[in-house]
2 protein chains.
Amino acid sequence: MPTHPHAPMPNDSPAADNNPSADDRRAHESLDPEDWQRMRALAHRMVDDALTYLQTVAQRPVWQPVPPAVQTQLQGKLPHEPSAPEKVYDEFVENILPYPLGNIHPRFWAWYMGNGTVFGALADLLAATMNPNHGGGQHAANLVELQVIGWMKEITGFPDTASGLLVSGGSMANLVGIAVARNSCAGFDVRRYGVADSAQKLLVYASSETHSCNQKAVELLGLGNENLRKIDLNDDYSMHLQHLADTIAADQQAGHRPICVVATAGTVNTGAIDDLNAIADLCQQHKIWFHVDGAIGAVALLADNVRAKLCGLERADSVAMDLHKWLHIPFEAACVLVRDRELHRQTFSLMPEYLQKNTRGIASGGHWFSEYGVQLSRSFRALKIWMTIKEHGSKKLGRMIARNVAQAQYLGRLIAQHPKLELRAPIGLNIVCFRFNPGNVSAAALGKLNRAILENLQEQGLAAPSDTTLRGEYCLRVAICNHRSRDEDFDLLVRETIRIGDSLAA
Amino acid sequence: MPTHPHAPMPNDSPAADNNPSADDRRAHESLDPEDWQRMRALAHRMVDDALTYLQTVAQRPVWQPVPPAVQTQLQGKLPHEPSAPEKVYDEFVENILPYPLGNIHPRFWAWYMGNGTVFGALADLLAATMNPNHGGGQHAANLVELQVIGWMKEITGFPDTASGLLVSGGSMANLVGIAVARNSCAGFDVRRYGVADSAQKLLVYASSETHSCNQKAVELLGLGNENLRKIDLNDDYSMHLQHLADTIAADQQAGHRPICVVATAGTVNTGAIDDLNAIADLCQQHKIWFHVDGAIGAVALLADNVRAKLCGLERADSVAMDLHKWLHIPFEAACVLVRDRELHRQTFSLMPEYLQKNTRGIASGGHWFSEYGVQLSRSFRALKIWMTIKEHGSKKLGRMIARNVAQAQYLGRLIAQHPKLELRAPIGLNIVCFRFNPGNVSAAALGKLNRAILENLQEQGLAAPSDTTLRGEYCLRVAICNHRSRDEDFDLLVRETIRIGDSLAA
């Protein structure tokens, strides 16, 4: 092999550039550090700061607003000239680091997010260092993604022959699943002719508690949200099976074509899980695609106290699962699995001449991820999943999920014990909806009072529940997806809710 | 403010847990490191390894295949038990790190990818440490994303009032742009009724050199690839304007509805740039959405030797730009800009009760990114863009682009000077298509010979061009999107191509 031209003159060796002219310097400039030793020192500082930041997170307020002066700082125009990396980092430390969303904190229970992990964050450094593109090709990173997808099949009970793809989140995972459903069940070549060519209305079914991303997917796919049938609920907020069966029957009678049922394994409002086996039976009977939105709940198959409720998930034609929620992988990390690999590939595969696979070299390697989803350029998100799961093992990850479910029950008991607190929905999984009610207050005033409690909890940096509206009534919502939360964090939540509520009501 | 329950007993203080029982330990376990000092030491090792890896990249082969034994190592089943982080990292160092795709190397010119930067990779560590979710809310990270989007408007000459979104890559950026085009120009409520409700065929136009992701987008949006009109090419591989005008006129006469022209600023095969001003005029005249796929070329507005060719881009209704290509941000980083903020929002906004904005607390903050794209959970990809652009400034980033364009011309001259090398397309921007031709060889044999040259260049770790087929003929393709490439790297490419070609032809 010939010598590599860079070998004798690495960028970091000033001795090799003996008093170079400005032109020489310009010819050899790159986006690499001008001074590797300085960058190395800065990188070590960053690592120290990052670890300390996470080690001490519980000692800081869960959230604080970004001060107006800092907001102004973050509005500067495009910088034309370079800045010293240390200066850029100092700006970060001063203006960005102190004002997080809060979801890394042990008392963040808003919306539905994971915390991330230290090792997962370090994995992102390593991933961006290698910086491969996961569209396809023969390299180790692609094998890591295939391995991680294999683990997801093991968790869900999907067969080895299924296909899968790591994606940005539940929204994309559901979009992919419903796209395959559309193309596979429409009865004609949708890729070629488009939805307009359908002789029948193409219909999708989901409970009225389905996540909004499923409606977005139906809209984006050109199906129209009128054709997303919202099915009624049982008292526990799961899908009403008889209403689903009746709606499908009526639609078929009317000459429409049901193509997909989107079941939910863990609704975002209350954590309800649809009866997956019953829906699987119905889909099988009517040859309808059975998609499971398991963004929240699918990984709870690892938890002893949840697993049984998810029975039937393994029968899905496709399943969406978030890994940046209850597996605490740093954002973005999710997975979609499709039972029939060929239907999956047929929905997305498009291999123009510049993407032809070769039998040798970089473009070899049988599996091209770009044939299974929207993206062609794809990052090495697999690494943080691989490292986090190896570090902790599936059993411990399952225990962390199980503990959150137990903590929801614990919080439920605290609420039940207190005369001024009301549970507003059954605790389906790990989500507790409740409100402060001192009595003798109108419904409207009660909503206002609880909103003020929420604002005070957040603004005082104490805890971060979010809020929602259940059957028309405002309530606080505690979604416990947090490996750092301890029982005493819920004691504090209840104590402070009462304190703030009493003081506001007075 | 009350004391925080974690404060007196940080996770890292074994003294606080005086001989705890197994149950106590279980109750307090988390996914944080059991031993912070050990994790800190490991993190420092990772940083050192990462910097050395990038500092010495030029001294290693551009690519090497993953050995079968390592492939087997990367097929293990789901780990149930934990592993020491050091052990997991050692596995990474042994089985993954030595087998990159190659795009970080100075002689990688395959497909079309950036290198990444050291500071950008460190930014990913910081982003994953804070681990915010960019769906919405009041926190510093969202302000950073808004600032970065503002910079993209400055670069492209888009107005302040335009909207934008950071996305995973060009595929998603184009999908968002074409989705807004569909919903804005169809003439009815596509979100509600779906594409099936259209009284007319909805048509999209792009040159036959348009990137495959645009066809994917048209298919996904339910428009049907039959309704993507592929327009003929000029000799320089740009869109043939008269053919575009004639096709639109014929379609209108036939009662169809042209909704969008996708112009390309930098085709993937040859780097050709469509005549953006002429297309803008035509779109204006016919009230058709003017989308620019600037995945490759849009950021070249920063380069003195390209800017003029991109004239008219600032008139687009929407533009897709990749930042992990020619700005060298680590994967994934791209941006879509839409001139009419309200049309953009109307395509994607869906705010269910659990996403209601509040006027105070975490859910305040006027701008919710989830209203402008597919994703709800979104990572802090803005940080690596923010830090990289601050570090280098736009002028230097422009110089690096300009140098790649000059290097394409340099390589073109080397090819022109050598009797056995043939340029196969005009060098539009930074992409050089050529082949080795010793004479007296059939067309079929010539293709085979050049494929073998490519395989040898890659397998010997010398250089990584890719290949493509132009007007039916196989050729090597050198896409120069590399801040580490120097002129001598192209000298080596030519030298080795001749050496391998001669030896194979003999």
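Tutor: Helices are DSSP runs of H or I with at least four residues, strands are runs of E with at least two, and both are numbered from the N terminus. This is a predicted model, in which local features need pLDDT of at least 70, side-chain atom pairs count only at pLDDT 80 or more, and totals for chains, interfaces and linings use all residues. Residues are numbered from 1 along each chain as its sequence is written, while chains are lettered from A and ligands numbered from 1 in the order in which they are written.

Student: Where is E332(A), and what is omega of the peptide bond that joins F331(A) to it?

Tutor: E332(A) sits in the loop between β7 (318-322) and β8 (334-338) of chain A. The bond from F331(A) to E332(A) is cis. Most peptide bonds are trans. Here omega is about -5 degrees.

Student: Which peptide bond is cis in chain B, with omega near -5 degrees?

Tutor: Look in the loop between β7 (318-322) and β8 (334-338) of chain B, where E332(B) is found. With omega near -5 degrees, the cis bond runs from F331(B) to E332(B).

Student: Is R471(A) buried or exposed?

Tutor: R471(A) lies in the loop between β11 (464-470) and β12 (473-479) of chain A, and its phi is positive, near 45 degrees. Count the other C-beta atoms, placed from the backbone, within 10 Å: 20 or more means buried, 12 or fewer exposed, and anything in between partly exposed. R471(A) has 9, so it is exposed.

Student: Is Y237(B) buried or exposed?

Tutor: Y237(B) is in the loop between β4 (228-231) and α10 of chain B. Its phi is also positive, near 70 degrees, though it is not glycine. Its count is 24 other C-beta atoms within 10 Å, so Y237(B) is buried.

Student: How many residues of strand β11 (residues 464-470) of chain B are buried?

Tutor: This strand is mostly covered. Of its seven residues, the buried ones number five.

Student: What is the bridge partner of W109(B) in β11(B)?

Tutor: Strands pair if DSSP finds at least two bridges between them. Strand β1 (residues 108-109) of chain B and β11(B) are parallel, over two bridges. In β11(B), W109(B) is partnered by P465(B).

Student: How many bridges join β11(B) to strand β12 (residues 473-479) of chain B?

Tutor: β11(B) and β12(B) form a hairpin with two residues between them, and R471(B) in the turn has a positive phi of about 45 degrees. T468(B) stands opposite C475(B) in β12(B). The strands run antiparallel, and the bridges number five.

Student: Which helix gives the largest share of the side of chain B that touches chain A?

Tutor: Contact means C-beta atoms, placed from the backbone, within 7 Å. Chain B and chain A each put in 162 residues. The largest share on the side of chain B, 12 residues, comes from helix α2 (residues 36-55) of chain B.

Student: Which C-alpha in chain B is nearest the axis?

Tutor: Superpose the copies by least squares on C-alpha atoms of residues with pLDDT of at least 70 in both. Chain B goes onto chain A at an RMSD of 0.0 Å, with a turn of 180 degrees and a shift of 0.0 Å along the axis. The copies are thus related as by a two-fold rotation axis. At 1.8 Å from the axis, the nearest C-alpha in chain B is that of A196(B).

Student: How far apart are the C-alpha centres of domain 1 and domain 2 of chain A?

Tutor: Chain A has domain 1 (33-109) and domain 2 (132-379), with bounds from an automatic or database domain assignment. Their C-alpha centres are separated by 37 Å.

Definitions and conventions
Two residues are in contact if their C-beta atoms, placed from the backbone, lie within 7 Å.
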